[in-house]
Amino acid sequence: MDEVCAPCGKAKVYVEVDAVFTRNGDIIPKSLRWRDGSLYEIQRVTDIRYAACLAAGGRGLRYTCVIDGHDSHIYYEGNNRWFVEANV
């Protein structure tokens, strides 16, 4: 179920993510599957940091990723769940 922030028009949308766990213990996302089943390849991860998702709520590891040539954020909550903020 998506969590919606009515004033800002954003929703916290949980997505499926394929990721690689490195020898150092890092988690590197490789692709994400949108709720309609579309699969998006992550071309590059440019930043990883703990951050809050102010628009849609929630916090965790924020991955700044290049998807289809555009910067996007995906969040790993630490409970084995990934989410993105999406326009409603």
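Is Thr64 buried or exposed? In this predicted model, Thr64 has a relative accessibility of 10% and therefore counts as buried (under 20% relative accessible area, with over 50% being exposed and the range between partly exposed; 1.4 Å probe, protein chains only). Residues are numbered from 1 along each chain as its sequence is written. Because the model is predicted, local features need pLDDT of at least 70 and side-chain atom pairs count only at pLDDT 80 or more, while totals for chains, interfaces and linings use all residues, and side-chain values use heavy atoms, with hydrogens and water left out.

Thr64 lies in strand 5, residues 59-67 (strands are DSSP runs of E, at least two residues, numbered from the N terminus). Its side chain forms a polar contact of 3.3 Å with that of His73 (a pair of N or O atoms within 3.5 Å, one able to donate a hydrogen and the other to accept it; residues adjacent in sequence count only if both atoms are side-chain atoms). Leaving aside residues up to four places away in sequence, Thr64 touches residues including Arg44, Asp47 and His73 (heavy atoms within 4.5 Å).

Cys65 is buried, at 0% relative accessible area, and Cys53 is buried at 2%. The closest cysteine sulfur to that of Cys65 is in Cys53, 14 Å away, which is too far for a bond. The count of disulfides (cysteine sulfur atoms within 2.5 Å) is zero.

His73 also belongs to the lining of the largest pocket, together with residues including Trp34, Asp71 and Glu85 (an open set of points on a 1 Å grid where a 1.4 Å probe fits, with protein on both sides within 12 Å along at least five of seven lines; lining residues have an atom within 4 Å of a point). Strand 6 gives the most to this lining, with four residues.
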